[in-house]
Amino acid sequence: MTRTGPRAIFDSAAQSFAALVGGIPDGRWDDPGLGDWNLRALVGHASRSLITVSTYLKTAAQREDVSSAADYYAEIRGYTAGVGAEAILERGRQAGRDLGDDPAATIAALVPRVLAELDHVDDPLIEVIGGMGMRLSSYLPTRTFELTVHGMDIARAVGIEFTPTDDALAEAAALAARVGVRLGDGPSVLLALTGREALPPGFSVV
């Protein structure tokens with residue numbers, strides 16, 4: 001089946017992620033990953049961008065609470081603050097443990113399964129994190145963003161070459177800019193991207 005739009009970009013991001021994980025050398029899974037996550041937990045966290053798509057396809061929302069990917073990131077700021085940092089850290093660690101003895105093989109099997117599931121739906125209204133209703137076509141760019149950004153995190157942690165596909169990079173960068181605008185930081189983001197001003201230390205749109 002030919003995929004177009006957000007699905008095609010998610011497809012390329014997922015395939016690139018699987019190839020990246022497949023290139024992680026044996027014996028590196030307990031190495032530092034990102035923050036308090038080791039590499040296994042970081043890969044596990046990123047893999048949730050595939051798992052949640054599969055899980056949420058089995059849900060049905062009654063109304064559309066979030067109409068864009070940028071609004072999604074703005075909304076989950078409050079949700080994640082309520083959940084707490086430690087709970088989020090543990091969720092990543094558990095996702096890492098769930099990858100089993102051969103994380104690369106687990107990811108390699110997961111990607112085609114999720115893509116096949118997408119081929120059997122149109123654009124359903126799904127229930128995402130926090131019980132929010134959202135169209136699949138609006139949710140997928142958030143998963144492309146996560147796979148792309150965390151793919152780069154993983155490559156940096158391992159010290160291997162990884163360049164996301166142009167379409168995934170373009171979508172992720174555009175979404176980051178839109179989130180910045182949505183949060184009121186649009187001028188700062190634009191000035192930084194055009195070389196006119198530096199962003200404050202530690203600045204992030206997510």
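Ala69, Ala70, Asp71, Tyr73, Ala74 and Glu75 of helix 3 are in contact with Leu175, Arg178, Val179 and Arg182 of helix 7, contact meaning heavy atoms within 4.5 Å. The model is predicted, so local features need pLDDT of at least 70 and side-chain atom pairs pLDDT 80 or more, while totals for chains, interfaces and linings use all residues. Residues are numbered from 1 along each chain as its sequence is written, and side-chain values use heavy atoms, without hydrogens and water.

The axes of helix 3 and helix 7 are 8 Å apart and form an angle of about 55°; axes are lines fitted to C-alpha atoms, for helices over the stretch in contact, with angles from 0 to 180 degrees between N-to-C directions. The two helices are therefore oblique to each other, a term for angles that are not under 35 degrees (roughly parallel), over 145 (roughly antiparallel) or 65 to 115 (roughly perpendicular).

Helix 3 covers residues 69-83. Helices are DSSP runs of H or I with at least four residues, and strands are runs of E with at least two, numbered from the N terminus. Which residues of helix 3 are buried? They are Ala69, Ala70, Asp71, Tyr72, Tyr73, Ala74 and Ile76, where buried means under 20% relative accessible area, exposed over 50% and partly exposed in between (1.4 Å probe, protein chains only). These buried residues pack against strand 4 (133-135), helix 6 (136-158) and helix 7 (166-182). After helix 3 comes Gly84, with a positive phi near 100°.

In helix 2 (residues 39-56) lies Ser49, which counts as buried because its relative accessibility is 2%.

Terms used. Expected span 1.5 Å × (residues − 1).
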